[in-house]
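This report describes selected geometric features of a model. Its headings follow the order from the assembly down to single residues.

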Protein chains: 2
Amino acid sequence: MPQTAATHTFRHLKTVHILKNLATKPVDLTVEGVLSSERIERYCAQSSEFKLLYGTERVTDDVLQALKELAHEARLVEKMEAMQRGDVVNKIEGYPSESRMVLHTAMRDFFMHPNEGDNAKKAAKAEKKECDKLKDFMAKIDAQGKFTTLIQIGIGGSDLGPRALSVAMHAFRKPGRQVHFISNVDPDDASGILQQIDPKRTLVVVVSKSGTTLETLTNEELVRSRFKQAGCKPEEHFISVTGEKSPMDNPSRYLASFYMWDYIGGRYSVTSMVGAVALTFALGYDQFMNILKGAHEMDRLALNPDIHVNLPLLGAMLGIWNRNFLHYQTVAILPYSQALLRFTAHLQQCNMESNGKRIDKKGNPVDFDTGPVIWGEPGTNGQHSFYQLIHQGTNVVPVEFIGFRESQYQEDLNIQGTTSQEKLLSNLFAQSIALAKGQKNDNPNKVFPGNRPNQILLAKRLDPFTLGALMSYYENKIAFQGFCWNINSFDQEGVQLGKVLANKIIDHFKSKRQGKKSEKFPEAEAMLRHLETL
Amino acid sequence: MPQTAATHTFRHLKTVHILKNLATKPVDLTVEGVLSSERIERYCAQSSEFKLLYGTERVTDDVLQALKELAHEARLVEKMEAMQRGDVVNKIEGYPSESRMVLHTAMRDFFMHPNEGDNAKKAAKAEKKECDKLKDFMAKIDAQGKFTTLIQIGIGGSDLGPRALSVAMHAFRKPGRQVHFISNVDPDDASGILQQIDPKRTLVVVVSKSGTTLETLTNEELVRSRFKQAGCKPEEHFISVTGEKSPMDNPSRYLASFYMWDYIGGRYSVTSMVGAVALTFALGYDQFMNILKGAHEMDRLALNPDIHVNLPLLGAMLGIWNRNFLHYQTVAILPYSQALLRFTAHLQQCNMESNGKRIDKKGNPVDFDTGPVIWGEPGTNGQHSFYQLIHQGTNVVPVEFIGFRESQYQEDLNIQGTTSQEKLLSNLFAQSIALAKGQKNDNPNKVFPGNRPNQILLAKRLDPFTLGALMSYYENKIAFQGFCWNINSFDQEGVQLGKVLANKIIDHFKSKRQGKKSEKFPEAEAMLRHLETL
C-alpha cells in the first residue's frame, strides 16, 4: 500500500532506511579538527529572534539532507497547516477516541497574517472576545486597587504552563503584585500558600475545563472555607476559567467566568484564558499581548516549508535523529537562565504527555520509539549536580541548551574583569563543547568520551515576546515529532486507568468511615492495611 | 584471580550470573492472580519509621535471595562499615585521585551508639563543637530579634540539599522566619531575591568549602554591594561556612565562620554546617537536632546485616535489579507530598553525581551500567503530566513512590466523604497498582502494558526526624549501589572539563574588554560571534 500523509507508518518511510544507514557511522566529534569553528559557524539556523546552533549534534550534510527529506516525505508542514486551520487531528482512526480540533494556535491568532481556515478564524474570534472581557475586567480590578495577590488553583496544564511563565516573567511584574499556585491534592500545598496571603486582598482563579477535576474542586473547597473563616465572601474573590455551561460557569459563585474550549488541550492552554488571567494580573494586559505576539510569530514560522527557517521543524528532526536513529532514551533541557526554573517541568508535561504513546493514529502498536523522557534544571546549577553523569555516565543524554545574550534585570557587576552574564554564557558554551569533544587523558578518571550530542537555542533577552515564542517553539516542535511518528499527540488515555483505580480506593476510605461495604479491591486493601499499621 | 571486596569487578561476581539468568524471565505482574493481596502483604520490609512495599517490583523469592547473596558476595555492609568508621574510601587505585575519608555520617553521630572508629569519633567531636558554636550564635541572634530573613549563597550541594530540606520543613518554621537561596551565576537569580528582602533584617550565609567557588564568590560580591548601597555593613550580616583557614575564614569580613572538612562531599553535606545554619535559623536548634537524629538512626540501620531490616540496602539491591538486569535507564522518584517539591532535585544531584561514573575503583572502564538518570515531580501533580509516558510510553521507567499517612499541617477538609490526605494516598496506591498490573482492552488506546516496576516508601508523617531519616535512606542507598558496582561514588572528575573550558572563554570576554589577545579557542570564538550577531 502506498504511504500517504494520513496513513504512513514511520518505519516504512523511505528516508527512514537512509537515516538508519547513516546512523551506523555517525560523525565522530572527538576527532581533531572535526568540531571546527567553520562547523559551528555553518550549522546554525536563524529566524525570528532565535538562533539554533547545532554543530555539536552528531549530524553531517548527508544526515541533514535526509532529515529534510523525511520531513517532506511525512508531509510535516502540511500536517501543521491542517492542525492550525482547524482540521480534526486529535483522533485515532477506527476506534472510539477523542475527535477534536487542536487550536491552541488560534488563541494568539489575532495579529499579523491570521489563519484563513474557517475553524481557526472562528476560534480566534471567540478567544479575542474573552481577551476583551479580560481587559475590561482587569481595568476594573486595577482601578479598585483592592487586590494585590492572585492564587490560581488548577492542576496539570492549568498549573505547570501558567506557573512556568509566571516565574519566568518575575522581572516584568507590576509593582506589588503576587501570584501563587495551588495544584496538589496534598492538603499541605494549600495550607502552605494560605499562610502567606491576606484573603481580603486576594483573587482566586479556579481552572478546570470540565468543571469536575477532583484535585481542583477539592482545593477550591478548602480555600473557599478559609476565605469564609476570614470574613470574605468567596463570590467576590473567585473567578472561574472553564468550559461554557460547565458546573463552574455560575455567576452566583464567581465574580467572573472566562471560557476555554474542547479544542484546547490542557498542556497547550497557557496562551488561552488558563494562563491569561494570572499573567494579565501580574504583568498587565499589554505584556500578556506581547507573549501572544511572540507565540504567534513562531506559529507562523512553523508553517514555513524551509527547514532552515522553520526552527521548530529543524529542532524536531534533530530530536528524531537522536531518538530513533542514535537511540537515546532521554533529553535534558538545560536553560542557562534562572527565570526558566519551572520551564522544563512545563516542557516535560507538554512533551511526555503528548508523545509518550504506544499506538499510531490507526491504532497499531508502534514498533519504534516515541517521546523520550524530558528532564532538566537550570545551568549553571546543574553543572554542580547531574552534569557528572552527562559527561561520564554509561548512558548518553542528548542536551538542549537555552541561553540569552542579556540578563532580564540588567543588574550585573563586573567582578574580576567579566560580568555574571558573561560568566554564565561562558559556562554554557564550555559545556556544549566539552560534551561534544570530550577529552583524552592518561588518567582514566580524566577521560571524557565526548560525542554527547547537544544544541544551543540562543536569543537576545528573555522578555515577554521571546518567552511566548520560546514556548511556541517547543509546542510546535513536539507536534512535528508526533506528526512524524504518526501518533496522536493530543489525547492522554494513559492517565485514565490511575484515575479509575484511585476512585475505587477513595470509595474504600468513604465506605469505611460510613461503616458500609465497598467493592472488593484486594491489592489496594493490602496496601491500606500496611498504611494503618505504620 | 579470586574476587575480593576491594577488587571485585561487578560482572565477574558469581551471583551476577544467577541474576542474569533470572532476568530472562522476570515475573509477569499482569497475569491474573499474580499481584495478589498476599504478595502485597508479604513483600514489605519495615524498620525505623518506614515501610518499603515492593510487591509491585518484578521480583520473586528467587530474585530476592540472589540479590541478598549479591549484597553478601560484594561485602556491601562491610564497605558501609569501612565508610562510616572513616577509612579512605574516596580514591581510585593506581592513579592520581582524591584520597579522602567519607564521613558525612559523623556529622550526626553524637546520639545513641556512636561509631567506635577513631576517625569517625574525631570527626563527630569536631562537628559537635561546631553545633555548640551554632547553638550559642543562634541564641544571640534570637535574643537580638533583629533578623527575620536568611539568604544562603552556595551552589550544588551547598544549595540543593539545604533548599530541599528547607522547603520540606516549611510547616515547622519559626513564626516570621524566611529563608532564601541564591545559587545561579545568572545575575537574575540574585536580583529576584534581593527585590524581596530588607537587608537590615537579613543574615547572609555564604557556603564554599574551598572559599573559591566562582558562582558563589560572584554572587557574594553582588549581594555585598547591594547591602552597602542599603547602608548595611556586610561584616555585621555575613556568615561563612567554609574550610578552616580558607580565604573565607576571615573575621574581618564575617560575623561568624562555621567549618566543614574535606571528608564532607558537597552533595552529602546537608547535615553538616552547610545545612545547619539555615535550618537552625528557620526551625530552631532542637528541630535541627531532630533531623540529625533521624539521619543517624538510618545510618545505624545501614550497618545491619539483615537485608529485611537494612532498608537502604534492600532499596539499593532492587535498584540494581532494575538497572543491571532489567536494563532500565532512568528512575522516577515521585513523592506524594508537596513539601518534597525540591527533594527530587537533591536526590538527582546526590545520585547522578555519585554514581554517574564510567570507571571502577581500579581505573578500568566499566562494561556494565552504573547510575541511572534520576528525575521526578511530586504526585498528584505529575499524574496530570508525564504519567502518560510512564503508563504507555515505549520505554519503561521504574518508579519510586514516597508517601505519608498524615499531612504536615493537619489542616484538611472532608469533601464528598473523604479528606484530601485520603484522596492523595488513594492516588498513590492506584498508580502503583495500575503501573504493575496494566489493563487489557479491545480499544488499543486503552491498553496498558503493565509490568512497570515500582515501589512505595511509606512513613507516618513528614516531620524533621522522618525527613532526616529519608535523606539518609537515599544517601546510604546510593553508597551501597556504588559499592556494588565498585565505583568511587565520592569524587566528581566529570565536572572538571567544563570548568576549565569555561575559564578559557571567560578569559576571552575579559581580554576583549581590555583590548588584549587571549589564548586561541576557535570553536568557542565561533559561538561568541553567533552571540554578537543576535
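## Basis of the description

The model is predicted, so that local features need pLDDT of at least 70 and side-chain atom pairs count only at pLDDT 80 or more, whereas totals for chains, interfaces and linings use all residues. Residues are numbered from 1 along each chain as its sequence is written, and chains are lettered from A and ligands numbered from 1 in the order in which they are written.

Helices (H or I, at least four residues) and strands (E, at least two) are DSSP runs, numbered from the N terminus.

The same surface serves both copies, as 100% of the contact residues of chain B recur in chain A.

## The interface

Chain B supplies 127 residues to the contact, and chain A supplies 127 residues; two residues are in contact if their C-beta atoms, placed from the backbone, lie within 7 Å. On the side of chain B that touches chain A, helix α14 (residues 420-437) of chain B gives the most, with 13 residues.

That side of chain B divides into 54 nonpolar, 48 polar and 25 charged residues. In this classification Ala, Val, Leu, Ile, Met, Phe, Trp, Tyr, Cys and Pro count as nonpolar, Asp, Glu, Lys and Arg as charged, and the others, Gly among them, as polar.

A residue is buried if 20 or more other C-beta atoms lie within 10 Å of its own, exposed if 12 or fewer, and partly exposed in between, with C-beta atoms placed from the backbone. The buried residues of α6(B) include Pro162(B), Arg163(B), Leu165(B) and Ser166(B). Their cover includes the strands β3 (149-153) and β4 (178-182), together with the helices α9 (273-283), α12 and α15 (464-485) of chain B.

Helix α6 (residues 160-168) of chain B packs with helix α12 (residues 343-355) of chain B at an angle of about 155°, the axes being 8 Å apart. Axes are lines fitted to C-alpha atoms, for helices over the stretch in contact, and angles run from 0 to 180 degrees between N-to-C directions. The two helices are therefore roughly antiparallel, a term for angles over 145 degrees. α6(B) passes α12(B) in a left-handed crossing; a crossing is left-handed if the near helix is turned anticlockwise from the far one by less than a right angle, and right-handed if clockwise. Leu160(B), Gly161(B), Ala164(B) and Ala168(B) of α6(B) meet Phe343(B), Ala345(B), His346(B) and Gln349(B) of α12(B). The residues of this contact are 5 nonpolar, 3 polar and no charged.

Helix α4 (residues 76-85) of chain A and helix α15 (residues 464-485) of chain A pack at about 115°, with a separation of 10 Å between their axes. The crossing of α4(A) and α15(A) is right-handed. From α4(A), Leu76(A), Lys79(A), Met80(A) and Met83(A) meet Ala479(A), Phe480(A), Phe483(A) and Cys484(A) of α15(A). This contact holds 7 nonpolar, no polar and 1 charged residue.

The peptide bond from Gly379(A) to Thr380(A) is cis, with omega near 10°, and Thr380(A) lies in the loop between β9 (373-375) and α13 (387-392) of chain A. In chain B a cis peptide bond joins Gly379(B) and Thr380(B), with omega about 5°. Gln410(B), which is not glycine, has a positive phi near 55° and is exposed, with 12 other C-beta atoms within 10 Å. Asn451(B), also not a glycine, has a positive phi of about 55° and is partly exposed, with 19 other C-beta atoms within 10 Å.

Ala190(A), in helix α7 (residues 187-194) of chain A, counts as buried, with 28 C-beta neighbours inside 10 Å. Apart from neighbours within four places in sequence, Ala190(A) is in contact with Ile182(A), Asn219(A), Leu222(A) and Val223(A).

Note on methods: Parallel < 35°, antiparallel > 145°, perpendicular 65-115°, else oblique.
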